[in-house]
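This briefing accompanies a protein model and is intended to be read beside it.

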Amino acid sequence: MASDSPESLMTLCTDYCLRNLEGTLCYLLDNETLRLHPDVFLPSEICDKLVNEYVELVNADSIFEPHESFFTLFSDPRSTRLARIHLREDVVQDQDLEAIRKQDLIELSLINCEKLTAKSLQTLLSFSHTLVSLSLFGCSNLFYEEENPGGCEDDCLVNPTRQVLVKDFTFEGFSRLRFLNLGRMTEGVNVETLLRPLASLTALDLSGIQLNDVAFLTQWKDSLVSLVLYNMDLSEEHIQVISQLRRLRHLDISRDRLSSYYKFKLTRRVLSLFVDNLVNLSSLDISGHTMLENCTISSIEEKVGQTSIEPSKSSIAPFRDLKRPLQFLGLFETSLCRLTHIPAYKVSGDKNEEQVLNAIEAYTEHRPEITSRAINLLFDIARIERCNQLLRALQLVITALKCHKYDKNIQVTGSAALFYLTNSEYRTEQSVKLRRQVIQVVLNGMESYQEVTVQRNCCLTLCNFSIPEELEFQYRRVNELLLNILNPTRQDESIQRIAVHLCNALVCQVDNDHKEAVGKMGFVMTMLKLIQKKLVDKTCDQVMEFSWSALWNITDETPDNCEMFLNYSGMKLFLECLKEFPEKQELHRNMLGLLGNVAEVKELRPQLMTSQFISVFSNLLESKADGIEVSYNACGVLSHIMFDGPEAWGICEPRREEVVDRMWAAIQSWDINSRRNINYRSFEPILRLLPQGISPVSQHWATWALYNLVSVYPDKYCPLLIKEGGMPLLKEVIKMASARQETKEMARKVIEHCSNFKEENMDTSR
């Protein structure tokens, strides 16, 4: 099982400070700008953690509020020191980098920061004397600056600015730079000129850049140990240059096989050239390549012996000359990954779970197009077979979803995979902490991606959790998201059904504060709108029934929500549903259960006192729908109304006495041993009907309800009745002159049941 150990103290403190900057490290200047307290000095270990965690929170936690002036907190190296920071996507803008320009950064990673422009190139120069590692991956606008063709203020109103490519920037002065990632750099920048000043590069990533001539790479033949040319269309000239880089330990010439413009095909000779010349190679990625010729050993030899990673037994003939097994070999979406003897400790591919997980791990950060297909393979494994590395799989999918929250393919495949990876089959292997991480990333997906498939997958995944218990730490947020899903008048039917089911489960068995909070979010109105639409469509389906059930739950002992139901024409919809769907038993039960909650609120009962409503409730006393439930709930509604006394009966028809007689007849027709489709959290609304003489029939209904529940479900309801003080009230009923004899007899039996239960469960151990 995954560890449930708490986060480190450093992580907890960092998170707390970032969520409470004004109360901890900072104060607000002019109610607007964050300023560090003057007595604060923070070393690089803390500052790096604050910045990197801040970026993570902005990207992954919708509740977290970003601060415009956050990066200005690190503008003065005398009080804050930054060394290694990782920024991504829209979190960082030109002014943010400018704010930290005085810092002596050693490592700066900028990934998909599309808001950065050529202004930030000038800021990068500020770090030139200290930077050792720099990533500019996916910063597509970094080499563009705005130019106003008019050149004067008046023209600015007429002529919009246009983007102009900056061509004169180089890495001149970056004397310590060793690791550089220029992946997916802007087309048109002269890479050779840009890189020429760098004397001692050890790692270079040129992913997605098309270069016809790479001869300039040989200037680093004595220093370059890592070269990534993913999605570069190679040629024989490229291969010859690569083979001269004899110190290479990692070479990646992989490609996305779905890209159609690649002419180059791998051959046995190319692989042999790499093996013979790149003697230090420990990692090679040739994923996505098509082999022009067969470079495997014979099928007979392939099947001999146990699976081996020894080069001498390699199924890929050129790799038999390797001096040692590779640490990593990328073979994803190639036929080679399905061979038996592959000379590598770790292989990415699509043959089995291990290879697929290796692929997700290797490609998540920079290659979402590959990652989404690898996750799709994991989805099939989890759905059809059994996932053997569950915890690793879950963590990898969570990371991918966090990293690419706006990538449709990853959100669709990732959310689908999570549904199968969190189902009951795997539940015992998952810690509370891990399941909370899943919930967070699912809610992120629902929030940031409105695509129907993503929404459906996320809702289905939430159904794998214990509701409301496991979702309570995000209770408000999950309710808001579900209500947003249900708001559109035309919504995908399957999503609507799942979302209403989740809403219903979320308001069942939670405290009243939660219910009131959700009611204020528009829960009651949303459910009534769904009911209204189903009535227009003349459809009584699960959405209709779940909506009434959700209203039943959210109004339980919550007067404000009951009032909302009445104010939003809930009674009108009740009557219309009753008329339109006279045979729908479960619907009737849910509606009457809800009205029982409304009737418990003294201030609202006058709104139920109309001839139409009382006639409907009276007629439902004779209903046999859903066992006794509809009749029982109708009688409950009337019992609370009767409890207000004859003077509150403000209608001529039907007469109060007539309704009372029908209530007695209904109660006497019920089987006391009836099993119930109901769940009481408290007996308080029933108990208040006991010690009174205004309405003996209400008293009898309450006593019958208690007798039935403690008889059929003694383990659950005897302790509840005792705990809530029901026994003295029942004894009082027995003494009352106004109580009917049959009511008194029933009260005695309830007391007897609870007394016997108490004796049987008494602890006699010493």
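How many contacts beyond four places in sequence does the model have for residues 155-160, where pLDDT stays under 50? The model, which is predicted, has 6 such contacts for that stretch. Over the protein chain, the mean pLDDT is 91, and 95% of the residues reach 70 or more.

**Confidence**

- A further stretch in which pLDDT stays under 50 comprises residues 762-766.
- For residues 762-766, the model has 0 contacts beyond four places in sequence.

**Nonpolar cores**

- The largest nonpolar core holds 159 residues, and W548, F565 and F574 touch the most other members.
- Helix α28 (residues 696-712) gives the most to this core, contributing 9 residues.
- Another core, of 103 residues, lies apart from the largest one and includes F74, L204, L234 and L284.
- When residues up to four places away in sequence are not counted, F574 touches W548, M591, L592, L595, V616, F617 and L620.
- As general background, nonpolar side chains in soluble globular proteins tend to be buried together.

- Helix α25 covers residues 629-642, and its 14 residues should span 20 Å at 1.5 Å a residue.
- The end C-alpha atoms of α25 are 20 Å apart, which agrees with that expectation.
- Because 14 of the 14 residues of α25 are buried, this helix is largely enclosed by the rest of the structure.
- N633 is found in α25, and its relative accessibility of 7% is why N633 counts as buried, the cut-off being under 20%.
- Leaving aside neighbours within four places in sequence, N633 is in contact with W552, R589, L592, G593 and I678.

**Helix α8**

- Within helix α8 (residues 268-277), the buried residues are V270, L271, L273, F274, V275 and N277.
- The elements covering these buried residues include α7 (236-242), β11 (250-252) and β12 (283-285).
- In general, an α-helix has 3.6 residues a turn, so residues three or four places apart point the same way.

- Strand β1 (residues 26-29) pairs with strand β2 (residues 33-36) in the antiparallel sense, over 4 bridges.
- T33 in β2 is the bridge partner of L29.
- The hairpin has 3 residues between its strands, and D30 takes a positive phi near 55°.

How values were computed
Residues numbered from 1 in each chain as written. Predicted model: local features only at pLDDT ≥ 70, side-chain atom pairs only at ≥ 80, totals over all residues. Heavy atoms only, no water. Buried < 20%, exposed > 50% of the residue type's maximum accessible area, 1.4 Å probe, protein only. Helix = DSSP H or I, 4+ residues; strand = E, 2+ residues; numbered from the N terminus. Contact = heavy atoms within 4.5 Å. Expected span 1.5 Å × (residues − 1). pLDDT = per-residue confidence, 0-100. Core = buried A, V, L, I, M, F, W, Y, C linked by side-chain atoms within 4.5 Å. Pairing = 2+ DSSP bridges.
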